Amino acid sequence: MVGPLDDDTVRTVQSGRETVGAMLGTAQSHLQKVFIVFVAGMLGTIYALQYGVWEMLREDLVYANMTPELRRQTSVVSTQAFDVILLQVKIGAVVGILLAVPVLVFYGRDALRARGWWPADRIPVWKGALFALTSLVLFAGGVFYAYELFFPLMFKFLAGNANAAGFTPQYSIVKWAQFIFLLGASFGLAAQLPLLMTVLSYTGIVPYETFRDKWRIAVLLIFLFGALFSPPDPFTQIMWAAPLCGLYAVSLALSKVAVLAKRSSDLVSTAAVGRANWNTILGGAVVVGGITYYLLATPAFQYVRAFAAWFPSSRLTGDVTRPALLGLPPETTAVVLAVAGGLLAVPVVLYYHVLQALEDAVAPDEREMGDPTAIDIDELSADAVEVAPPEVFEEMTEEEALAHADTALSADDQTKAQAILDRWDEAHEDADEAADEPADGTTADGDAATEEGGAGGILTSTTAGMADAFTEDETTEDDIGGYYYDIQFILSSLASKAFWILGVFGFVLSASFLFLYRGGIGDIQRVFVSRLPEGMQAQVDIVTLHPVEHLVFIVKFSTILGAVSVLPLVLYFAWPAMQDRSLVGGDRNILLVWGGTLFVALIGGSLLGFLYVAPMAISAIAYDQLQANMVIAYRISNFGWLVLFLTIGIGLLVEIPVTMFLFHRAGLVPFEVMYERWRYVVLAIVATAAMVTPDSIFTMLIVGVPTALSYMVGLAILWVYTLGGRRTPKGRGEPAD
């Protein structure tokens with residue numbers, strides 16, 4: 001019997017279980033301490049949330065930068081009876097686990113060391129403490145930035161944007177808390193970047209040169225990572241990604257120092273560098289101290305007040321006064337702070353000079369070196385071989401490398417000989433891997449990658465088993481494999497037209513997003529509410545329970561418009577490839593006509609539904625609620641999708657039979673094919689409805705069932721038109737299979 005997991009995966013899982021068991025066994029006598037830490041962290045968090053933390057979070061994160069009017073409109077609400085209690089317990093449990101895990105790992109370190117998961121050498125306590133302290137400080141710095149700048153500005157923007165659109169920013173405490181804690185944690189974890197990059201570069205796991213040369217990719221990944229964790233609007237995404245890009249630059253500098261210090265720790269003395277550059281170091285301290293005193297003790301303090309008034313934080317205001325620490329006069333305090341600033345400038349300037357000295361010791365100026373391939377390896381020391389340009393070894397043959405190593409051995413320098421061979425192997429490793437890679441996509445044994453056991457075999461066998469439930473005949477792997485290659489062939493044919501397809505999709509998406517984002521959704525909401533009965537207009541309220549709910553709706557809606565608008569273009573460009581695979585037939589020019597009918601259906605259906613159908617339907621839905629004196633507060637996500645289905649959805653439902661009729665008349669997809677494969681169509685409708693509708697089976701059925709019925713109506717119309725399938729289109733080319 002073949003299991004779903006291979007042997008390597010099973011062994012890995014078993015090894016992990018054994019490791020956890022061994023660690024728990026070793027720490028068994030200390031589990032009581034671990035449990036005490038967990039309980040203390042959990043209860044402390046719950047009590048802190050109950051006695052002041054919730055109010056502090058609301059004031060500092062939500063209301064800090066809001067105007068009084070926007071503050072009255074914005075609130076954090078509980079939608080269920082046990083929301084707050086359960087949320088406090090969840091947060092407390094997470095905090096308790098985070099505090100208890102390091103204690104458990106510490107007491108179980110002997111078991112981890114025995115299994116090779118802990119350094120074999122004893123790590124000095126001060127090094128471990130320094131690493132932990134650095135990590136905590138960086139994490140706190142990331143959370144501090146989010147708390148002081150990001151969240152206050154973001155909530156002011158989000159609440160103001162929603163309020164301007166006619167929606168009430170009424171956040172569910174569960175969704176709001178999850179949002180701020182997840183986003184705050186992402187800032188704290190992202191702030192670990194300097195520590196992570198420095199450790200990886202120093203240990204050689206990821207070379208410093210990789211971080212340096214791939215900085216463009218790193219910036220792209222930072223923005224993509226920000227798109228996942230930050231709200232979907234340009235303002236907050238820039239606020240998330242811009243500090244990280246600056247942090248990446250700082251991390252590069254720290255990684256460079258760590259690597260250079262490792263490679264040439266015996267070549268540069270920090271004390272010697274300090275003595276050689278004492279004048280500039282002292283000058284830097286004097287300049288920084290003088291600027292600090294000038295800003296704090298002279299009329300130039302007005303610039304500090306101007307900066308405090310501009311800085312978007314409730315902690316700083318334009319009426320700040322000169323600091324007076326420990327009861328000292330402002331002038332004396334300015335002197336103390338000037339001295340402190342000068343002392344802080346000393347290590348910064350020293351760092352700069354040490355960096356320059358390390359660069360000079362490790363890698364001389366290329367202008368002095370000339371052609372790097374002309375370097376004489378025999379004249380270099382072992383340390384110089386370690387940092388020599390890679391071009392030296394890339395141009396070197398194996399015989400030459402062995403000859404240089406033999407020369408070093410003759411001079412009784414085994415370290416240099418080994419360094420030469422290691423550098424040559426490293427330079428030629430990538431070339432050897434590229435030469436071993438097959439050029440035709442086959443495996444090393446000559447078998448095709450899609451033979452049984454390959455990715456294609458797994459895909460086709462799994463899909464064939466799933467498809468049997470929706471077909472009358474048995475579906476074989478060859479059938480699904482053929483479909484797989486057909487799809488691959490069609491997608492390859494679209495590659496040359498990707499510019500036009502993505503261009504149209506991007507234009508429609510961005511145009512609709514900007515229109516809705518810059519107030520269009522508010523105008524639509526106001527016009528729509530004005531179509532409701534007069535007694536209902538003032539009593540219907542649309543709320544956002546999640547801080548970014550209305551923005552997510554705008555993004556989804558714009559994406560749907562872009563996908564619908566580009567669909568005729570995709571089919572038009574893919575038609576030749578589909579004809580080559582005998583999937584379709586007929587005249588593809590009918591697609592242009594179909595695109596026109598699609599546009600008319602969308603516009604006409606939207607106007608009809610927006611002005612008449614949707615107001616009547618929502619009025620009927622809300623009538624009983626108003627009669628029972630209930631407060632009507634619809635979520636923007638649910639209300640927006642309801643309006644969308646009753647407007648654009650009407651046009652799309654009408655377009656389905658029209659599309660079927662046009663495709664049959666042109667011989668693109670005959671009635672016989674539509675009838676024979678109706679099960680596949682229904683399955684695709686249900687799957688699409690599950691993806692585009694809110695997370696509810698009810699809304700999925702509301703969309704899926706009318707769409708499937710519209711397809712059945714199209715089949716009925718074509719059955720009558722073709723006299724039960726006996727009348728086929730003529731002169732339209734070969735029909736589809």
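Modeller: Let us begin with angles: those under 35 degrees count as roughly parallel, over 145 as roughly antiparallel, 65 to 115 as roughly perpendicular and the rest as oblique. The model is predicted, and local features need pLDDT of at least 70, side-chain atom pairs count only at pLDDT 80 or more, whereas totals for chains, interfaces and linings use all residues. Residues are numbered from 1 along each chain as its sequence is written, and side-chain values use heavy atoms, with hydrogens and water left out.

Biologist: Why are H4 and H7 called roughly parallel?

Modeller: H4 and H7 pack at an angle of about 25 degrees, with their axes 10 Å apart. An axis is a line fitted to C-alpha atoms, for helices over the stretch in contact, and angles run from 0 to 180 degrees between N-to-C directions. H4 and H7 are therefore roughly parallel to each other.

Biologist: Which residues of H4 and H7 meet?

Modeller: From H4, Asp83, Val84, Leu87 and Ile91 meet Ile173, Val174, Ala177 and Phe181 of H7. Contact here means heavy atoms within 4.5 Å. The contact of H4 with H7 contains seven nonpolar residues, no polar ones and one charged. For this count, Ala, Val, Leu, Ile, Met, Phe, Trp, Tyr, Cys and Pro are nonpolar, Asp, Glu, Lys and Arg are charged, and the others, Gly among them, are polar.

Biologist: What makes H2 and H7 roughly perpendicular?

Modeller: The axes of helix H2 (residues 31–62) and helix H7 (residues 173–190) come within 13 Å and cross at roughly 70 degrees. H2 and H7 are therefore roughly perpendicular to each other. H2 passes H7 in a left-handed crossing; left-handed means that the near helix is turned anticlockwise from the far one by less than a right angle, and right-handed that it is turned clockwise. In this contact, H2 supplies Trp54, Leu57, Arg58, Leu61 and Val62, and H7 supplies Ile173, Trp176, Ala177, Ile180 and Phe181. Nine of the residues in the contact of H2 with H7 are nonpolar, none is polar and one is charged.

Biologist: At what angle do the axes of H2 and H4 cross?

Modeller: The axes of H2 and helix H4 (residues 83–107) cross at roughly 145 degrees and come within 7 Å. The crossing of H2 and H4 is right-handed. Its contact residues divide into 20 nonpolar, six polar and one charged.

Biologist: How do you know whether Ala100 is buried or exposed?

Modeller: Buried means under 20% relative accessible area, exposed over 50%, and partly exposed in between (1.4 Å probe, protein chains only). Ala100 has a relative accessible area of 8% and therefore counts as buried. Ala100 has its place in helix H4. Leaving aside its neighbours within four places in sequence, Ala100 is in contact with Val34, Val37 and Phe38. Ala100 and Val37 are 63 residues apart in sequence, yet their C-alpha atoms are 5.6 Å apart.

Biologist: Are His550 and Glu379 buried or exposed?

Modeller: His550, at 1% relative accessibility, counts as buried. His550 lies in helix H25 (residues 549–580), and its C-alpha atom is separated by 9.7 Å from that of Pro169, 381 residues apart along the chain. Glu379, with a relative accessible area of 64%, is exposed. Glu379 lies in the loop between helix H16 (366–369) and helix H17 (382–386).

Biologist: What makes a group of residues a nonpolar core?

Modeller: The term denotes a set of buried Ala, Val, Leu, Ile, Met, Phe, Trp, Tyr and Cys residues joined through side-chain atoms within 4.5 Å. The largest nonpolar core here has 60 residues, and those with the most contacts inside it are Trp54, Phe150, Phe151, Phe155 and Trp176. Helix H6 (residues 125–164) gives the largest share of this core, 10 residues. Another core, of 22 residues, lies apart from it, and includes Met578, Leu668, Met674 and Leu718.

Biologist: How many helices and strands does the protein chain have?

Modeller: The protein chain has 30 helices and four strands. Helices (H or I, at least four residues) and strands (E, at least two) are DSSP runs, numbered from the N terminus. Of the 737 residues in the protein chain, 34% are buried. Among contacts between residues at least 6 apart in sequence, 77% join residues at least 24 apart.
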